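Work through the exercises below with the coordinates open. Each task is followed by a solution in steps.

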Amino acid sequence: MLQVSELESGYGPMQVLWKPSIRVRKGTITSLLGPNGVGKSTFLMTVFGSVTPWSGKIIYEGEEVTHLPTHIKVDKGLTLVPEGKHLFGGMTVYENLMMGAYLKRAQQYREESLELVYSLFPRLKERGKQLAGSLSGGEQQMVTVARALMSKPKMIMLDEPSQGLAPLLVQHVFETIQKMKAQVGLTILLVEQNADASLAATDYVYVMHEGRIKAEGTPEDIKSSDEIREAYLGL
Amino acid sequence: MLLEQLAGNLFQGLVLGAVYGMATMGLSLIFGVLRIVNVGHGAFIMVGAFVTLWLFTALGISPLVAVPVAFVVGLGLGFIFYYTAIKKLIKAPELASLLATFSIGILLEEVIKLIFGSEFRGYNWALPKIDLGVTVLPLSKLYACIGSIIIALILYLWFNKTRAGTAMRSVVEDTEGAKVCGVNVDRVYANSFAIGIGLTLASGVLLTMFIPVGINPYMGGSYTLKAFVIAVLGGLTSPYGAFFGGLVFGLIENGSYTLFALIPGVEPFALTRFLSFLMLLVILLIRPTGILKGK
């Protein structure tokens with residue numbers, strides 16, 4: 001579904017990514033683990049295109065998309081749920097969801113997507129007329145994920161969806177991610193600091209450190225390697 | 001007697017304020033979407049005024065027709081300056097875009113001076129005056145006021161009801177969020193800058209109705225400053241905030257003029273200008289996000 005090879009990028013003169021390569025198979029949940037500040041978010045933003053790639057190759061559904069602008073990627077079904085709740089605080093929850101279906105391709109499926117979103121997050125239906133900025137942290141996180149689903153994606157990249165949430169909500173987030181894979185058939189690339197929870201929920205794992213991929217394998221492989229767990233995951 | 005004069009001036013202030021508000025919407029739109037402060041704002045108002053003057057004196061075209069003409073000229077100028085200068089500066093440090101818009105302003109002033117010369121000019125749009133009891137209002141000012149309100153309403157509807165307008169709002173709210181929804185942010189930047197400049201030129205047309213002989217290549221400066229005060233009053237990123245900020249500013253300017261005129265030995269007009277800067281300072285100190293915005 002997605003193949004990234006030797007990606008390099010950064011901010012100004014500062015290089016953050018040092019040629020990490022990953023592969024995400026269709027219909028799976030793949031996670032990218034590692035402590036804070038190792039370039040995981042930059043990796044997702046570079047794949048999405050909000051950070052410009054310096055070199056490397058991004059292939060999505062067999063097509064090179066390395067330098068395509070973000071709105072074309074969203075139109076092709078690849079979207080990002082950015083870290084830190086980038087929602088439209090001055091718009092209502094409903095308006096936020098409708099913005100998710102902004103593109104013409106997504107507009108056709110608007111009602112259908114809305115139904116799906118409400119079935120995953122019934123709370124959002126109740127909150128429809130409220131301003132998104134007035135919601136609790138967990139509800140805001142739901143809005144950003146739901147908004148991404150409204151764009152009728154094939155693949156979603158989630159950046160720290162459990163960040164700052166209470167343990168019970170974290171569990172709900174991971175359950176929802178599982179549902180998105182099982183019921184909707186989405187492919188998911190997940191970036192997380194919460195190694196425990198993501199190891200339990202994913203099909204394949206990459207471990208990132210200082211902008212490089214240091215290890216990869218099934219969750220079982222990663223869990224059974226004391227070296228990886230101690231060196232990179234702090235488990 | 002004084003109260004009557006005050007009421008009359010306040011009414012005039014409201015009429016002028018609506019035009020001030022409209023003349024600030026372009027500045028707020030550009031700042032809201034691109035986060036760029038257009039220091040050359042007043043120069044674009046000046047160009048709008050010259051468009052009006054030229055259409056009227058050379059071709060005999062009514063200033064009312066000049067409004068859409070100036071808007072279209074502004075769109076064109078906006079796209080030209082966006083693609084030649086602004087586009088590269090969006091992610092640059094603020095100083096770069098400040099200098100760029102400042103020099104665009106100077107460029108416009110000098111080009112207009114080359115063409116039209118630097119003396120003060122005006123045009124004589126002979127329209128009747130209407131007596132409202134407390135004050136006498138030239139019909140041209142009334143047209144300017146109504147025109148401003150109509151333009152503000154159109155902008156409001158366009159922002160809230162159209163797809164392109166909603167995309168712009170989403171960028172104002174959160175650029176990163178707009179990107180993940182599939183909004184073509186680069187195009188929104190270009191359109192917003194062009195529309196902002198178009199609105200500013202159109203406001204220049206309306207403002208000429210308040211300055212019968214005040215059209216001059218360097219007239220823009222004082223409007224830039226007023227627009228800053230109004231934009232800050234209205235919360236900087238909201239064009240409608242700016243519109244209401246303009247109403248408040250017009251009221252304060254005209255109201256204080258009446259009161260300052262009571263102080264012997266004082267030139268009231270100079271004091272109103274002082275007051276507007278005092279307001280800017282005070283607002284920035286107490287509520288930098290604007291008086292009229294909830295947040």
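A salt bridge is a side-chain nitrogen of Lys or Arg within 4 Å of a carboxyl oxygen of Asp or Glu. The model is predicted, so local features need pLDDT of at least 70 and side-chain atom pairs count only at pLDDT 80 or more, while totals for chains, interfaces and linings use all residues. Residues are numbered from 1 along each chain as its sequence is written, chains are lettered from A and ligands numbered from 1 in the order in which they are written, and side-chain values use heavy atoms, with hydrogens and water left out.

**Exercise 1.** Find the salt bridges of A:Glu139 with A:Arg127 and with A:Arg123, and place the residues.

Step 1. A:Glu139 and A:Arg127 meet through their side chains at 2.9 Å, N to O. A:Glu139 belongs to helix H7 of chain A and A:Arg127 to the loop between H6 and H7, so this pair ties together parts that are twelve residues apart in sequence. Helices (H or I, at least four residues) and strands (E, at least two) are DSSP runs, numbered from the N terminus.

Step 2. For A:Arg123 and A:Glu139, the closest N and O atoms are 3.0 Å apart. A:Arg123 is in helix H6 (residues 122-126) and A:Glu139 in helix H7 (residues 137-150), both of chain A, so parts 16 residues apart in sequence are tied together.

Step 3. Assign the accessibility classes: buried means under 20% relative accessible area, exposed over 50%, partly exposed in between (1.4 Å probe, protein chains only). A:Glu139 has 5% relative accessibility and is therefore buried. A:Arg127, with 25%, is partly exposed, and A:Arg123, with 36%, is partly exposed.

**Exercise 2.** Which parts of chain A does the salt bridge between A:Arg105 and A:Asp75 link?

Step 1. The closest N and O atoms of A:Arg105 and A:Asp75 are 3.5 Å apart. The pair links distant parts of the chain, with A:Arg105 in helix H4 (residues 104-107) and A:Asp75 in helix H2 (residues 70-75), 30 residues apart.

Step 2. A:Arg105 counts as partly exposed because its relative accessibility is 23%. A:Asp75 is also partly exposed, at 36%.

Step 3. Over all chains, the structure holds 13 salt bridges.

**Exercise 3.** Describe the overall form of chain A from its computed totals.

Step 1. Chain A has eleven helices and eleven strands. Its radius of gyration is 17 Å, close to the 18 Å that the globule rule gives for 235 residues, so chain A is as compact as a globular protein of that length. The radius is taken over C-alpha atoms, and the rule is 2.2 Å times the number of residues to the power 0.38.

Step 2. Along the principal axes, the C-alpha atoms of chain A fill a box of roughly 50 × 40 × 30 Å. Of its 235 residues, 53% count as buried.

Step 3. Among contacts (heavy atoms within 4.5 Å) in chain A between residues at least 6 apart in sequence, 69% join residues at least 24 apart.

**Exercise 4.** Is B:Leu284 buried, partly exposed or exposed?

Step 1. B:Leu284 is placed in helix H11 (residues 268-286) of chain B.

Step 2. With 41% relative accessibility, B:Leu284 counts as partly exposed.

Step 3. The C-alpha atoms of B:Leu284 and B:Val229 are separated by 9.6 Å, the two residues being 55 residues apart along the chain.
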